[in-house]
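Dear colleague,

Please find below the structure that I am handing over to you. My findings follow it, and I would be grateful if you read them with the structure open.

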Amino acid sequence: MSATQEISTISPIGRETPRVDGPLKVSGQGQYTADFHFAGMLYAVPIGATIAHGRVIELDTAAAEKMSGVRAIFHRENIGKIFRSTAQPNFEGICEERRPPFEDDIVRYYGQYIALAVADTFEAAKAAADAVRATYAKEKPNVETRLEADDDPDLVVTSFGPRHRVDSQRGDAQAAFARAQVNLDQTYVTPAETHNPLEPHATTAMWDASTLTLYESSQGVVNLRSVLAQMFGLPNENVRVITKFVGSGFGDKLFPWTHCPLAAAAARQLGRPVRLVLSRKMMFHGVGHRPRTQQRVCLGATPEGKLVSLQHNYIYQRSMLDAHHEDCGEATPFHYSVPNLRVTFGRAKRNIGAGADMRGPGAVPGMYATESAMNELAHQLKIDPVKLRIINEPKIDEGLGLPFSSRHLLECFQLGVEKFGWSKRNPVVGSMKRDGVTLGWGMAGCAWLAGRFAAAANVQLRDDGTTRVACATQDIGTGTYTILAQLASQKTGVPLEKVEVALGDTSLPAGPISGGSLATASTVPAVFAAADSAIASLMMVAATTPGSQFLGRKPEDLAFENGRVFVKTDGPGTGAHFADLLRRANLRLVTGSGDAQATFGDPKAKFSTHSFGCHFVEVTWQPEIARLRVSRVVTVIDAGRILNPLAGRNQIQGAVVMGIGMALLEHTSYDPQNGAPINSSMADYIVAVNADVPPIDVHFLDFPDKEINELGARGIGEIGLAGIAAAITDAVHHATGVRVRELPVKIEDLLA
Ligand code: MOS
């Protein structure tokens, strides 16, 4: 066996690697934001408006202020200055609700913070918050569910920059639709959905003179720092954000929300640390939601199933002030080969909190619509839905006119068909039975963007044979601690248990948000460059330290592999371990920094970079008792090289679970009287739980995508949620004959 093979067999890359932080979590030692305690810490509870449209005309805080243990009731008059923030280049300074809390007396959504109670204990703060009385000038809120596009200009400003309302266009889609022999024109609706991570949003803020430290449950500490620094008029280096463990985030924790500056402002006024933890109910108001969408899809095709025209017009709801963009057309221009295409969008203002990214933003509701339309077209043409997709498989990204860096969707279909047993499908509605229940089989494809955010990292090699890798990214439960350890181990040869990972702290080299499924791909080149730099420093030490066996050697004559420095001509396995070299030189460590530029959003990109996949779903239907269950799912994903298949499968399974929720359960309803989210509790907002979830059989293709990074790894956090709802609703149609085009599928829909 050659040395290279030896190393590859011990490489942690591509191995089923259990979480390196698992023991800390299961033993309760992993500290989440609300687990940090500080001397003199006070507790804050926000008071939310109980109207969704109007004005606060009087705030009576007298009774609350007199209550025992109460330190202050803050409101517009006494909170102190909080500035607005603005976006910066390179995807920094992003915020979905720009209005600083308490900026004016106008109420634009139910639950908008109008005051903040701070007390010695949480209980006292909660009691005081409940004792604050507000009087409003109330107007009727607009929470209308039917969406019509507002009169926006052709170019709109969104949270992520300007966007043309004609998103993508080629050929003449309207004329081609009119001429097409086969037409499909349907509208699909997805409801508002609320992020429900187990750990609610939380902030603990404290000041030391003009330095602000924030413990925050965040998916992006660096971005949060830049927004909060702006809100308090500080240089970035005067703000530190710490996020050691996150009890999950689905996009709600990507960018800061208004409770965060409130905690910081209260801490400033009182000169004490202040902790603010949102209640589950508050999670439905001011920390984002997946906006409701209404999407019209028009397909024109030949009788043989070749698409000649594709139009996708989507409208989404947004808040009164904010400009989250729900990019439903993200995958539409490239997913199928079609000469005539037009993707357009509109927005509809409502008296609700700001919309936000939620796992697979844009593409998840978007592909529900487009993949549903493809399934309906397949049914109309009596063509197998897999075959219809194969007929329309593109050779390049026809939207950008660029080749794909790597696209293996057809191989995904092939494997999915085989694993699911799709060839046994009888397409006749209600025709398939098993054990007295009706079966429905459906499928859909999926896609999700790939690329890198800018990232920097630091790697140390230490005299006890350990290594430390540091990057100001976060682990939101997806496995980033483990991935960073794997990357450092790969480069340094240090076994995983001797790798220290430091993340979740803005004092570390700036790292990416845990978003867009880009964190892993982004950190690979940064960590590798940092490790190379540390190793270069080590070579220099080896060649210059008196008494070193390499003294006088040129660094370029030396090599490093598997933790050892050796003379190239002697080969690996010879030489000395870095720990011995460091000890001999009386060095505790050598250190190296590295970074890598972003590819995400690069206007000069030479390739179209995406991940792909497909879902095959079986449902069972018992009309006698109106019971619908998802009974089997096969998902195949082409996401480049999978660095940790254990964590990778976990991500896809989790996304499929959310997809079952999206298809059958999840929706946030707003009360037309007062604009309140009606079902704002875990009892009333139903998410898929174990009892709803069948065996989920996940397969990964293994086509490394070297355009993304040298390991060929794309991302896997979100793609598993794209397409699944379309596969489930198609399976529901196959079982019941009912075509549901508004999610979630309700039992009432099936009782025709
Ligand atoms: Mo994901 S919605 O980018 O956290």
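Helices, in what follows, are DSSP runs of at least four residues, and they are numbered from the N terminus. With that numbering, Pro-744 is found in the loop between helix 16 and helix 17 (747–750). Please bear in mind that this is a predicted model.

**Backbone features in loops**

The peptide bond that joins Leu-743 and Pro-744 is cis, with omega at about -5 degrees.

Ser-248 has a positive phi, near 80 degrees, and lies in the loop between strand 13 and helix 7. Lys-382 also has a positive phi, near 55 degrees; its place is in the loop between helix 9 and helix 10 (385–391). With a relative accessible area of 77%, Lys-382 is exposed.

**Two pairs of packed helices**

Two packed helices are described by the angle between their axes and the distance between the axes.

For helix 9 (residues 363–381) and helix 16 (residues 724–736), the axes come within 8 Å and cross at roughly 35 degrees. Their crossing is right-handed. On the side of helix 9, Met-367, Tyr-368, Glu-371, Ser-372, Asn-375 and His-379 take part; they meet Ala-725, Ala-726, Thr-729, Asp-730 and His-733 of helix 16. Sorted by class, this contact has 4 nonpolar, 5 polar and 2 charged residues.

An α-helix has 3.6 residues a turn, so residues three or four places apart point the same way.

Helix 12 (residues 480–492) packs with helix 13 (residues 519–544) at an angle of about 35 degrees, and their axes are 9 Å apart. Here, too, the crossing is right-handed. Helix 12 contributes Ile-483, Leu-484, Leu-487, Ala-488, Gln-490 and Lys-491. These meet eight residues of helix 13, namely Thr-520, Thr-523, Val-524, Val-527, Phe-528, Ala-531, Asp-532 and Ile-535. The contact has 9 nonpolar, 3 polar and 2 charged residues.

**An enclosed helix**

Why is helix 6 (residues 221–231) described as largely enclosed by the rest of the structure? The reason is that 10 of its 11 residues are buried. Among the buried residues are Val-221, Leu-224, Arg-225 and Met-231. The buried residues of helix 6 pack against strand 12 (211–216), strand 13 (239–242) and helix 7 (259–270).

Gln-317 belongs to strand 16 (residues 307–318). Is this residue buried or exposed? Its relative accessibility is 4%, so Gln-317 counts as buried, the cut-off being under 20%. Gln-317 and Ala-192 are 125 residues apart in sequence, yet 8.7 Å apart in space, C-alpha to C-alpha. Leaving aside neighbours within four places in sequence, the contacts of Gln-317 include Leu-147, Ala-192, His-289, Ile-352 and Tyr-670.

Asp-463 lies in the loop between strand 20 (455–462) and strand 21 (467–471). Asp-463 and Ala-585 are 122 residues apart in sequence and 9.6 Å apart in space, C-alpha to C-alpha. Not counting residues up to four places away in sequence, Asp-463 touches Ala-579, Leu-582, Arg-583, Leu-587 and Arg-588.

**Cavities and a pocket**

How many cavities of 30 Å³ or more does the structure hold? There are 7.

Tyr-109 and Ile-352 are among its lining residues, as are His-289 and Tyr-670. This lining divides into 6 nonpolar, 5 polar and no charged residues.

About 400 Å³ of space lies in the second largest pocket. Of the 21 residues that line this pocket, Pro-46, Ile-47, Gly-48, Lys-281 and Met-282 lie nearest its centre. Strand 1 (42–48) and helix 4 (122–131) each supply at least two residues of the lining. By class, the lining of the pocket has 12 nonpolar, 5 polar and 4 charged residues.

Yours sincerely,

A colleague

Terms used
Residues numbered from 1 in each chain as written. Predicted model: local features only at pLDDT ≥ 70, side-chain atom pairs only at ≥ 80, totals over all residues. Heavy atoms only, no water. Axes fitted to C-alpha atoms, helices over the stretch in contact; angles between N-to-C directions. Left-handed = near helix turned anticlockwise from the far one by under 90°. Contact = heavy atoms within 4.5 Å. Nonpolar A, V, L, I, M, F, W, Y, C, P; charged D, E, K, R; others polar. Buried < 20%, exposed > 50% of the residue type's maximum accessible area, 1.4 Å probe, protein only. 1 Å grid on protein atoms, 1.4 Å probe; cavity = no way out; pocket = protein on both sides within 12 Å on 5 of 7 lines; lining within 4 Å. Points joined across faces, edges and corners; volume = space filled by probe spheres on them.
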